[in-house]
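Here is a short briefing on one protein chain. Look over the sequence and the fold before reading on.

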Amino acid sequence: MILSGRAALAGVLGWPVSHSKSPRLHGYWLERHGIDGAYLPLPVAPENFATAVRALVDLGFRGANVTVPHKEEALALALADEADDNAKRIGAANTLVFRDGRIVASNTDGFGFLANLEQGAPGWQPEAPALVLGAGGAARAVIVALLDSGCRELRLCNRTAARAEVLRDTFGGSVRVVPWEEREAALTDLGLLVNTTSLGMEGQPPLSLDLAKLSASAVVNDLVYAPLETPLLAAARRQGNPAVDGLGMLLHQARPGFEAWFGVRPEVDAALRDFVLAG
Ligand code: ATR
């Protein structure tokens, strides 16, 4: 990578950030498009977050991605300037664009989630009932995206029911809370099943869920991408259900930021997936 004095700069703010795939992902696109720019890992402790963001603005960065544990703080910081509706509804921001000294926040997780589904399961029916497992930050982005896509009935199921109830009260409409013990009964008539919990992730127990009641056409999407083929996705494939892994959401959510900072709308393809996975 050779930069000129006019190089466009961006990066990812996290604590820690060493596990992040974003530098490799954006680096691939920068090289593929021959862009005079760089995307850096930016490890920043929570107590330094606001100072670090203001320093990036002063340094002339185009913007930054924000990951754990800074996403809520990023929204709070940008609210004085500008934040998009998705970030406000989700309560967190993952993308910051610096414009004329102002911090503009957005949340592209829902975009990434939907784009991944459209790419991985083109026949997916957005209006059909969906079952979302989990009620953390990832679930919030998924719920907003599904409701905006016209989902008629969103079944929300979390080990701690109170967290699901908070989300139902926040998003209302077609969100219905299902007790964790009744998750298998809630598989009937589904168009989509999404796991947003950490179950199935490396080092975590698998999600215990018998898919016998799942409709034949229901799409199964796991947000977990390490491992890429979770026990849930493997079980779905064994039953013949379309299964979509979680890596695509990570790759697609990065596209709007890259376009805003570097001026090119990048694509997600098999070569990019292989490159990111190899890192
Ligand atoms: P994120 O912001 O990434 O979504 P999170 O807020 O830590 O992460 O949420 C993790 C989700 O995984 C939660 O829905 C959590 O359920 P609780 O709200 O009951 O904690 C779920 N989860 C984690 N471990 C679990 C387990 N062993 N069984 C069931 N659900 C689990």
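**Overall shape**

With 279 residues, a compact globule would have a radius of gyration near 19 Å, and the protein chain has 19 Å, which agrees. The model is predicted. The protein chain holds 11 helices and 12 strands.

- Along the principal axes, the C-alpha atoms of the protein chain fill a box of roughly 60 × 40 × 35 Å.
- Of the 279 residues, 52% count as buried.
- Take the contacts between residues at least 6 apart in sequence: 67% of them join residues at least 24 apart.

- Strand β3 (residues 63-66) pairs with strand β5 (residues 95-99) in the antiparallel sense. Three bridges join β3 and β5.
- In this pairing, A64 stands opposite L96 in β5.
- As a general point, strands of a sheet pair through backbone hydrogen bonds, either parallel or antiparallel.

- Which way do the residues of strand β10 (residues 192-195) point? L192 and V194 point one way, and L193 and N195 point the other way. All four are buried.
- Strand β7 (residues 130-133) pairs with β10 in the parallel sense, over four bridges. Here A130 stands opposite L192 in β10.
- Strand β11 (residues 219-222) also pairs with β10 in the parallel sense, over four bridges. Here V194 stands opposite N221 in β11.

**L207, in a loop**

- L207 lies in the loop between β10 and β11.
- Is L207 buried or exposed? Its relative accessible area is 13%, so L207 is buried. The cut-off for buried is under 20%.
- Leaving out residues up to four places away in sequence, L207 touches L133, W180, N195, L199, G200 and L232.
- L207 and L40 are 167 residues apart in sequence. In space they are 34 Å apart, C-alpha to C-alpha.

**Helix α6 and the helices it meets**

- The axes of helix α5 (residues 109-120) and α6 come within 8 Å. They cross at roughly 65 degrees. The crossing is right-handed.
- From α5, the contact uses D109, G110, F113 and L114. From α6, the contact uses A141, V142, A145 and L146.
- By class, the contact of α5 with α6 has six nonpolar, one polar and one charged residues.
- The axes of helix α6 (residues 137-148) and helix α7 (residues 161-171) come within 12 Å. They cross at roughly 35 degrees. This crossing is right-handed.
- From α6, the contact uses A139, R140, I143, V144 and L147. From α7, the contact uses L167, T170 and F171.
- By class, the contact of α6 with α7 has six nonpolar, one polar and one charged residues.

- L114 lies in helix α5. Its relative accessibility is 18%, so L114 counts as buried.
- Leaving aside neighbours within four places in sequence, L114 is in contact with W124, A145 and S149.
- H252 is found in helix α9 (residues 247-253). Its relative accessibility is 4%, so H252 counts as buried.
- Not counting residues up to four places away in sequence, H252 touches F111, G112, A115, N116, Q119 and V268.
- How many residues along the chain separate L114 and H252? They are 138 residues apart along the chain, and their C-alpha atoms are separated by 8.8 Å.

Methods. Residues numbered from 1 in each chain as written. Predicted model: local features only at pLDDT ≥ 70, side-chain atom pairs only at ≥ 80, totals over all residues. Heavy atoms only, no water. Axes fitted to C-alpha atoms, helices over the stretch in contact; angles between N-to-C directions. Helix = DSSP H or I, 4+ residues; strand = E, 2+ residues; numbered from the N terminus. Left-handed = near helix turned anticlockwise from the far one by under 90°. Contact = heavy atoms within 4.5 Å. Nonpolar A, V, L, I, M, F, W, Y, C, P; charged D, E, K, R; others polar. Buried < 20%, exposed > 50% of the residue type's maximum accessible area, 1.4 Å probe, protein only. Pairing = 2+ DSSP bridges. Rg over C-alpha atoms; globule rule 2.2 N^0.38 Å.
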